[in-house]
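User: Could you show me how to read ring pairs, charges and strands in a model like this one? I would like the general idea, then the case at hand.

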Amino acid sequence: MNPFLSCTWETWKKEYPSIQLASLPDKAFLYRQGDRCSSFFWIKNGIVKLSHLTKQGNELTLTLLKTGDIIGYLQVGDFTNQIMEENAQALGKVDFYRLEYIDFKKLITSQANLSWQILESVYAHKQQIERKLRAILTQSVEQRLIVMLLELAKLFGIRCMHGYALEISLTQQELADLVGASRPVISTIMNQFRNRGMLDYTREHICVNDTALSLIDPR
């Protein structure tokens, strides 16, 4: 989804002066936890990891955002005083649009089609959070991991000879955070999956076999 193709860049800059098109290299931050930020970020290309740093110094991966997703707070009141509650970090190169609160509000109130796309994006993210909560309450860690691998394969995977190779590099701790489990448990299950031929992985890559995907997505 690239909403800024319908007009020239000069037109967008005239209507929304704060808009910027920028890029970040791998591991760079859009913002850090504790920063004050009144901007909205619209991902043009790439993947952004949202994470939270606990008081004990542990980093918890909350979710992964993709092309078309939006980061920001529609805060009532003093929007200039918003303190970010998480880190937003690029996984690989990320291109994004950045708008200040006032211009973003003007954009979504004047562009009906864009408003609908934003609503769809926000609703999809809400559903993702609710599915994760239900899964933690009702499913085993093994089931949750398979579901998460399927979701990651659909969002970030490319076809390979065995199934899908994930285009993103995730540690076992990041996978554990995404499914709501501990890293040792995820490590044990990943080894079991590999022994059963359901997936293969290295430090940098994960390949999800079609057999594993068919367990919950028989299509």
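User: Which residues do ring pairs link into a cluster?

Analyst: In general, a pair of aromatic rings is described by the distance of the centres and the angle of the planes. Rings of Phe, Tyr and Trp (its six-membered ring) pair if their centres lie within 6.5 Å; planes under 30 degrees apart are stacked, over 60 edge-to-face, and the rest tilted. Here, ring pairs join Tyr31, Phe41 and Phe96 into a cluster. Please keep in mind that this is a predicted model: local features need pLDDT of at least 70, side-chain atom pairs count only at pLDDT 80 or more, and totals for chains, interfaces and linings use all residues. Residues are numbered from 1 along each chain as its sequence is written, and side-chain values use heavy atoms, leaving out hydrogens and water.

User: How many aromatic pairs does the structure hold?

Analyst: There are 5 aromatic pairs. One of them, Phe40 with Phe104, is stacked, at 4.1 Å centre to centre and 5° between the planes. This pair links distant parts of the chain, 64 residues apart: Phe40 belongs to strand E3 (residues 39–53) and Phe104 to helix H2 (residues 101–110). Helices (H or I, at least four residues) and strands (E, at least two) are DSSP runs, numbered from the N terminus.

User: Are Phe40 and Phe104 buried or exposed?

Analyst: Both Phe40 and Phe104 are buried. Buried means under 20% relative accessible area, exposed over 50%, and partly exposed in between (1.4 Å probe, protein chains only).

User: What about salt bridges?

Analyst: Side chains of opposite charge can pair when their charged atoms come close. The cut-off for a salt bridge is a side-chain nitrogen of Lys or Arg within 4 Å of a carboxyl oxygen of Asp or Glu. The whole structure has 6 salt bridges. In one of them, Glu59 meets Lys49, with the closest N and O atoms 3.7 Å apart. Glu59 is in strand E4 (residues 59–65) and Lys49 in strand E3, so the pair ties together parts 10 residues apart in sequence. Glu59 is partly exposed, at 36% relative accessibility, whereas Lys49 is buried, at 3% relative accessible area. Salt bridges that share partners join Lys49, Glu59 and Glu174 into one network.

User: Which salt bridge partner does Arg196 have?

Analyst: Arg196 pairs with Glu142, the closest N and O atoms being 3.7 Å apart. This pair also links distant parts of the chain: Arg196 is in the loop between H6 and E9, Glu142 in helix H4 (residues 141–156), 54 residues apart.
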